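I opened my notebook to record what I could look up in one protein model, one topic at a time.

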Amino acid sequence: MTIPWFVKIPAKIVLSRLPVRYDNWRNLNLFRAGQMDDPETAFRVFHMHCRAAGFEGCTGYTVLELGPGDSMLTALFAASAGAGRTILLDQTSLAAVRLDLFAAAEAMLARRGLPAPAAADAGSVPEALSRLNCSYLVDGLASLRAIPDASVDFIFSNAVIEHVRKRDFSETARELYRIMKPDGVGSHWIDYRDHLDMKLNNLRFSEPVWESDFMVNSGFYTNRLPAFAIRGLFEQAGFAVELRDADLWSGGLPTPQNVMSEPFASMTPDQLMVMTNWLLLRKPGARQ
């Protein structure tokens with residue numbers, strides 16, 4: 001039975017404040033940061049973005065995944081695909097520290113006839129990451145600020161951009177621009193749904209309530225920036241933005257505007273009609 005959004009919110013508020021490790025919540029499927037601890041999913045996501053950004057078949061490039069979530073498997077798949085270095089950057093440490101995930105991913109690569117870097121037989125996960133030339137950074141913006149200028153070729157995220165806190169979004173976009181090489185590419189698939197009922201119920205709340213630390217730290221936060229606003233902020237940061245794909249709400253908005261808070265209640269419906277989209281980011285003048 002589907003649990004309605006107005007039950008999920010108080011439940012998650014309470015559960016998020018219990019002294020329980022994130023690993024335990026993940027195992028119970030109550031709190032999850034994506035599905036990247038499934039090798040098939042992690043492989044598909046990495047190659048989807050790698051192909052879109054034009055790095056498939058390339059070697060020696062540096063890749064940064066923004067928000068790797070529940071696993072570090074991107075490091076393995078990037079190394080297999082020819083990357084020279086991988087950076088996994090998150091707001092906090094969420095990834096499962098399990099060598100068996102690397103073993104499962106290597107077996108999957110072998111079945112596909114693809115190079116399988118020897119990481120699973122390392123003595124520890126840090127050693128495995130070292131073999132893969134991967135850095136796992138978990139201090140959010142502070143970690144992003146520490147990455148050298150123009151040092152990353154390929155940046156990607158999958159259903160992560162909508163979780164960047166609104167107050168941090170402009171600086172995050174500027175930092176992503178700063179660290180990207182002149183001919184680098186960013187590939188970001190963004191989900192504008194509420195991540196509660198997969199509608200727009202998050203737009204019911206006033207800005208002060210939704211952006212409070214209390215709500216942000218309760219396990220269901222999205223920044224509620226509509227597609228036009230996110231594109232505008234990336235452009236303000238200096239990026240040339242290409243819309244690769246978009247899905248619109250079928251049959252109109254799933255949540256009536258008359259129950260939304262401002263400014264969403266006063267927007268034209270078309271400003272909220274993007275359900276998901278996929279943006280490619282480049283520096284102006286970059287080769288394509």
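**Ground rules.** I am working with a predicted model, in which local features need pLDDT of at least 70 and side-chain atom pairs count only at pLDDT 80 or more, while totals for chains, interfaces and linings use all residues. I number residues from 1 along each chain as its sequence is written, and side-chain values use heavy atoms, with hydrogens and water left out.

**Strand β7.** I began with β7, residues 274–282, and found that 9 of its 9 residues are buried; buried means under 20% relative accessible area, exposed over 50% and partly exposed in between, with a 1.4 Å probe and protein chains only. Strands here are DSSP runs of E with at least two residues, helices are runs of H or I with at least four, and both are numbered from the N terminus. I then looked for the partners of β7, noting that two strands pair if DSSP finds at least two bridges between them. Strand β5 runs antiparallel to β7 and is joined to it by 6 bridges, with histidine 188 opposite leucine 279 in β7. Strand β6, residues 240–248, also pairs with β7 in the antiparallel sense, over 8 bridges, and there aspartate 245 has tryptophan 278 as its bridge partner.

**Charges over rings.** To count, NZ of Lys or CZ of Arg must be within 6 Å of the ring centre and within 35 degrees of the ring normal. Lysine 283 likewise lies over the face of tyrosine 177, at 4.6 Å from the ring centre.

**Aromatic pairs.** I searched the whole structure and noted 13 aromatic pairs. Rings of Phe, Tyr and Trp (its six-membered ring) pair if their centres lie within 6.5 Å, and planes under 30 degrees apart count as stacked, over 60 as edge-to-face and the rest as tilted. Because tryptophan 210 lies in helix α9 and tyrosine 221 in the loop between α10 (213–216) and α11 (227–236), the pair ties together parts that are 11 residues apart in sequence. Tryptophan 210 is buried at 1% relative accessibility, and tyrosine 221 is buried at 7%. I also noted a cluster in which ring pairs link Phe46, Phe55, Tyr61, Phe154 and Phe156.

**Helix α1.** In α1, residues 5–15, I listed Trp5, Ile9, Lys12 and Ile13 as buried. Seen down the axis, the buried residues of α1 fall within an arc of 105° (taken from the directions from the helix axis to the C-beta atoms), so they line one face of the helix. Their cover includes α10.

**Isoleucine 161.** Is isoleucine 161 buried or exposed? Isoleucine 161 is buried, at 1% relative accessibility, and I found it in the loop between β4 (152–158) and α8 (166–179). Not counting residues up to four places away in sequence, isoleucine 161 touches several residues, including Leu66, Phe169 and His188, where contact means heavy atoms within 4.5 Å.

**Arginine 193.** My last entry is arginine 193, which is in the loop between β5 (180–191) and α9 (207–210). Its side chain is joined to that of aspartate 191 by a polar contact of 2.9 Å. Such a contact is a pair of N or O atoms within 3.5 Å; within protein, one must be able to donate a hydrogen and the other to accept it, and residues adjacent in sequence count only if both atoms are side-chain atoms.
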